[in-house]
Amino acid sequence: MSRPPLPPFTRETAAQKARMAEDAWNSHDPVRVSLAYTEDSRWRNRSEVFQGRDAIVTFLTRKWEKEHDYRLIKDLWAFDGNRIAVRFQYEWHDGAGQWYRSYGNEQWEFDEHGLMRRREASINDIAITEQDRRFHWAAPGPRPADVPGLGESPF
């Protein structure tokens, strides 16, 4: 199975890869997301470490059962060869209605077929009020073209 664009990445193809990942995650479909990863992909997400597509599906299913109305933006940070680094923010609320904005960075490593074989994510959550939300498009679903990325503002 091949998942273009393939490494080595250019600025354009690395940004395309980041947007494709963002769109998949905004679908809230764990199986769809898992297909971008190798069958034995290794993950570190916060303090959790696991491996394989089945574990990815289990993790994401649990994540989106807890993180309601999840909306994510990923921006390219850096790239080289078969590696990409992104920064991201997402907003969600818990079962009690408390909203959060989660800030993070990911490092990705791809195989020759364009599948991600390694993902490392560091993430911090900040409680926000509903009035402080920035991401308002319909969820699940991709970020509309007229909603800008994170741009120069880190927060």
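These legends walk through several close-up views of a predicted model.

**View 1. Helix H3 and its buried face.**
Let's start with helix H3, which runs over residues 53-66. Its 14 residues reach 20 Å from the first C-alpha to the last, close to the 20 Å expected at 1.5 Å a residue. Look for Arg53, Ile56, Phe59, Leu60, Lys63 and Trp64, which are buried in H3. Seen down the axis of H3, these buried residues fall within an arc of 120°, so they line one face of the helix. On the face turned away from the buried side of H3 sit the exposed residues Asp54, Thr58, Glu65 and Lys66.

**View 2. What covers H3.**
Which elements cover the buried residues of H3? The cover includes two helices, H1 (11-26) and H2 (30-34). It also includes the strands E1 (37-45), E2 (48-51), E3 (68-80) and E4 (83-93).

**View 3. Arg87, a buried charge in strand E4.**
Arg87 has its place in strand E4. This arginine is buried yet has no salt bridge. For Arg87, the nearest side chain of opposite charge is that of Asp75, 4.2 Å away. A salt bridge needs a side-chain nitrogen of Lys or Arg within 4 Å of a carboxyl oxygen of Asp or Glu. The side chain of Arg87 does reach the backbone oxygen of Gly151, at 2.4 Å.

Leaving aside neighbours within four places in sequence, Trp77 is in contact with Ala85, Val86 and Arg87.

**View 4. Helix H1 from end to end.**
The end C-alpha atoms of H1 are 23 Å apart, which agrees with the 22 Å that its 16 residues should span at 1.5 Å a residue. Buried residues in H1 include Thr13, Ala14, Lys17, Ala18 and Ala21. Further along H1, Glu22, Ala24, Trp25 and Asn26 are buried too. Just after H1, His28 takes a positive phi of about 60°.

**View 5. Salt bridges around Arg19.**
Here we zoom in on Arg19, which has salt bridges with Glu22 and with Asp23. The closest N and O atoms are 3.6 Å apart for Arg19 and Glu22, and 3.2 Å apart for Asp23 and Arg19. Arg19 and Glu22 are three residues apart in helix H1, so about one helical turn separates them. Asp23 and Arg19 both lie in H1 as well, four residues apart, about one turn of the helix. Arg19 is partly exposed at 28% relative accessibility, whereas Glu22 is buried, with a relative accessible area of 0%.

How many salt bridges does the count come to? The count comes to 13 salt bridges, and one of them joins the side chains of Asp125 and Arg46 at 2.9 Å, N to O. This pair links distant parts of the chain, 79 residues apart: Asp125 is in strand E6 (residues 116-128), while Arg46 is in the loop between E1 and E2. Asp125 counts as partly exposed at 36% relative accessibility, and Arg46 counts as partly exposed at 29%. Elsewhere, salt bridges that share partners join Arg19, Glu22, Asp23 and Arg143 into one network.

Definitions and conventions:
Residues numbered from 1 in each chain as written. Predicted model: local features only at pLDDT ≥ 70, side-chain atom pairs only at ≥ 80, totals over all residues. Heavy atoms only, no water. Expected span 1.5 Å × (residues − 1). Buried < 20%, exposed > 50% of the residue type's maximum accessible area, 1.4 Å probe, protein only. Arc of directions from axis to C-beta. Contact = heavy atoms within 4.5 Å. Lys, Arg positive; Asp, Glu negative; His and termini not counted. Polar contact = N/O pair within 3.5 Å; in protein donor to acceptor, adjacent residues only side chain to side chain.
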